[in-house]
Amino acid sequence: MRTDHLSEYHINLKKSVFIKRIGRVRQFSGLSIEVTGLNATVGELCSIIPKRNENQGSENSTNIIIAEVVGIGSGYLTLMPYGSVQGLAAGCEVVAEGAYAEISVGENLLGRVIDGFGTALDRLPAIQAHIKRPLKAAPVNPMRRPRIETVLETGIRSIDTLLTLGMGQRVGIFAGSGVGKSTLLGMVARHVKADINVIALIGERGREVREFIDKQLGDEGMKRSVVVVATSDQPALARMRAAYAALAIAEYFRDQGKQVLLTMDSVTRFAMARREVGLSAGEPPTARGYTPSVFAELPELCERCGTADSGGAITALMTVLVEGDDLNEPISDSLRSILDGHIVLSRQLAHKGQYPAIDILKSVSRVMPDIVSSGQKTLAIEMVKRLAILERNRQMIDIGAYQKGSNAELDEALLIEGKLLKWLRQDEGGFQRELAIQKLAEILTLSGTKGRV
């Protein structure tokens, strides 16, 4: 018994703080707080104690501002806050906490809506999770990653048949605003054949958070989901933290051998938040104002997803908000080279009433050739050929300049165009992959294409 007591004392002794590292706020400019006299490292958390309010008898601990060290200057540190800076003034005391960002994880997170700190946002009791995981964990050794061999069924016909995804794949959904990214994510989250959904809503409007959970996700989807939220009005660090918190939660379930679908809406807003932090820390702006750290951090974010030797995997669906519908803007261009495929949503198709508005000709799944049968590959190639010839001749067809019989391939494509477009449209998810392949084979057979799956 004496040994047990000594062990307990030893643990408490390690946790005890005998020396406080204290500094003072020198200046607050924009998003950054300059602190002097403090010895801390980049990434360390600090507590800033605001000036005492005249209406309060003493300092109120609930008003303590949590900030993170993001830069080191000559004689000062640059901090950025996680919340409101109400009460901040020059001379405020800053205490280094000696801790780095981490989050509590566990099975109790399922069915809950939390922020980047793990605090419940759904008005339910506080979450009891005692396992701690760092927000910025090292990626899996590439030689320990099993190859992607298993198909992930999403319940979306066009994706499962023409852009088949594998468990552990990382895919971007590229689209401008209002084209249907969140709706597509909701359809996938409800019907995907995965064990766990981890959904990160980064920089979303507060109204859309509740709408996504109630309308797009629904009760069935919520039962196996963890939703991590950082709305657009929160500081840049809070938005970044929510993205890393979702990753840490997904990694926990992956290490339990679970198949996890991580959906992040959107990675562009994460990049914008990282740009704000980088500019405040003194980084030089580059393409469209994005700092070099943005393009260094995006691969770090994506590489933490994928397969693992635990038998579990994180399949990532990351929406990319394309500024001005320009697919060559810096973030879109960078992510296309990092991810294992991209699904492009077209505003023109959305205007025609085709939902999901997936532009098959501009989309690709890089792992599809390795995980589907030769018959399905043949069907996909024939389907793309029909869509391509229709697209090339669309203007001539619309003005009535095309004469039937001039092009045999175009005639075949026109014969089944209506059925193809109807097959591409889908109001609800949950369509079985095998049935989708069979229906597509029947449509293509009408145009003379023979193929078996």
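1. Which residues make a nonpolar surface patch of about 400 Å²? In this predicted model, the patch is made by Leu13, Phe18 and Ile19. Of these residues, leucine 13 lies in helix 1, which covers residues 2-15.

2. Overall content. The chain has 453 residues, of which 51% count as buried. Its secondary structure comes to 14 helices and 19 strands. The C-alpha trace spans about 85 × 55 × 40 Å along its principal axes.

3. Strand 1 (residues 22-29) pairs with strand 2 in the antiparallel sense, over five bridges. The two strands form a hairpin with two residues between them. Glycine 30, in the turn, has a positive phi of about 65 degrees.

4. Strand 2 and its partners. Strand 2 (residues 32-36) is mostly covered, with four of its five residues buried. Besides its pairing with strand 1, strand 2 pairs in the antiparallel sense with strand 5 (residues 77-81), over three bridges. Valine 35 illustrates both pairings: in strand 2 it is the bridge partner of valine 25, and in strand 5 its own bridge partner is leucine 77.

5. Arginine 26 forms a salt bridge with glutamate 34, and the closest N and O atoms are 2.5 Å apart. Arginine 26 counts as partly exposed, at 41% relative accessibility. Glutamate 34, in contrast, is buried, with a relative accessible area of 15%. As background, side chains of opposite charge can pair when their charged atoms come close.

6. Salt bridges between helices and strands. The count for the structure comes to 29 salt bridges. In one of them, arginine 170 pairs with glutamate 303, the closest N and O atoms being 2.9 Å apart. Arginine 170 lies in strand 12 and glutamate 303 in helix 7 (residues 292-303), so this pair ties together parts that are 133 residues apart in sequence. Arginine 170 is buried, with a relative accessible area of 9%, whereas glutamate 303 counts as partly exposed at 32% relative accessibility.

7. A helix-to-helix salt bridge. Glutamate 276 forms a salt bridge with arginine 239, with 3.3 Å between the closest N and O atoms. Because glutamate 276 lies in helix 6 (residues 267-280) and arginine 239 in helix 5 (residues 236-255), the pair ties together parts that are 37 residues apart in sequence. Glutamate 276 is partly exposed, with a relative accessible area of 26%, while arginine 239 counts as buried at 10% relative accessibility.

8. A salt-bridge network. Arg205, Arg207, Glu208 and Glu211 are linked in a network of salt bridges.

9. The largest pocket. About 710 Å³ of space lies in the largest pocket. It is lined by 28 residues, and the closest to its centre are Ser346, Gln348, Leu349, Asp359 and Glu391. Two or more lining residues come from each of strand 12 (170-175), helix 9 (347-351), helix 11 (374-392) and helix 13 (408-424). Helix 13 gives the largest share of the lining, four residues.

10. The structure holds one cavity of 30 Å³ or more, and about 40 Å³ of space lies in the largest cavity. Thr154, Ile159, Leu165, Ile173, Leu184, Leu185, Val188, Leu317 and Ile343 line this cavity. The largest share of its lining, three residues, comes from helix 3 (residues 181-191).

How values were computed: Residues numbered from 1 in each chain as written. Predicted model: local features only at pLDDT ≥ 70, side-chain atom pairs only at ≥ 80, totals over all residues. Heavy atoms only, no water. Buried < 20%, exposed > 50% of the residue type's maximum accessible area, 1.4 Å probe, protein only. Pairing = 2+ DSSP bridges. Patch = residues over 30% accessible without salt bridge, like charges linked within 9 Å, V, L, I, M, F, W, Y side chains within 5 Å. Areas by Shrake-Rupley, 256 points an atom, 1.4 Å probe, with all protein chains shown as cover. Salt bridge = Lys/Arg side-chain N within 4 Å of Asp/Glu carboxyl O. 1 Å grid on protein atoms, 1.4 Å probe; cavity = no way out; pocket = protein on both sides within 12 Å on 5 of 7 lines; lining within 4 Å. Points joined across faces, edges and corners; volume = space filled by probe spheres on them.
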